[in-house]
Amino acid sequence: DESQTFYDAVGGEETFTRLVRRFYQGVADDPVLRPLYPEEDLGPAEERLRLFLMQYWGGPRTYSDQRGHPRLRMRHAPFRVGSRERDHWLGHMRAAVDELELPEALDRQLWGYFVYAAQSMVNTPDEE
Ligand code: HEM
């Protein structure tokens, strides 16, 4: 069906819930990333990423109802995101995407987006 969104094609809300849960399980034990998160409870951060991704891929617009325009680069400005943080972020996301076992074309589309988006969040150059 040509009108089907990517959100529907990958399995809707349940798929994004699984993806983001698995991703944050990785973040929780990551010595590079965990200190960046201001709150002790990662649950609210997990929910924000879950709702953002659902909206981005054509699902419900709950993220913007709650948070307004995403402006993600600006929202990451308070955190030091260098190539090291980017690579750790992508490492946990790769493991989370793997567990979805999506058809190859959908996997490639999702992964290509994450690689691009993570690079665009880098706000701190590598040290010499
Ligand atoms: C928020 C780190 C990449 C989407 C956050 C927060 C941190 C963080 C520390 C604040 C946690 C919170 O919401 O309470 C990082 C690091 C990245 C990265 C180190 C490495 C490149 C990305 C990417 C995306 C993303 C690629 C999207 C594909 C979000 C969203 C929020 C968020 C939606 C919540 C924004 C809000 O509504 O306040 N991130 N992030 N992040 N991040 Fe990232």
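The paragraphs below cover the overall fold, a helix packing and the shell around the ligand.

This is a predicted model, in which local features need pLDDT of at least 70, side-chain atom pairs count only at pLDDT 80 or more, and totals for chains, interfaces and linings use all residues. Residues are numbered from 1 along each chain as its sequence is written.

The protein chain holds seven helices and zero strands, where helices (H or I, at least four residues) and strands (E, at least two) are DSSP runs numbered from the N terminus. Its C-alpha atoms fill a box of roughly 50 × 30 × 25 Å along the principal axes.

Now look at α6 and α7, which pack at an angle of about 165° with their axes 10 Å apart. Axes are lines fitted to C-alpha atoms, for helices over the stretch in contact, and angles run from 0 to 180 degrees between N-to-C directions. The two helices α6 and α7 are therefore roughly antiparallel (angles over 145 degrees). The α6 side of the contact (C-beta atoms, placed from the backbone, within 7 Å) includes Trp89 and Leu90, and the α7 side includes Trp111 and Phe114.

Finally, turn to the ligand. It is surrounded by 21 residues, the closest being Ala45, Arg48, Phe52, Trp89 and Ala117; a residue is near if its C-beta atom, placed from the backbone, lies within 6 Å. Two or more residues each come from α3 (43-56), α5 (72-76), α6 (83-100) and α7 (104-120), and α3 gives the most, with five.

Notes:
Parallel < 35°, antiparallel > 145°, perpendicular 65-115°, else oblique. Contact = placed C-beta atoms within 7 Å.
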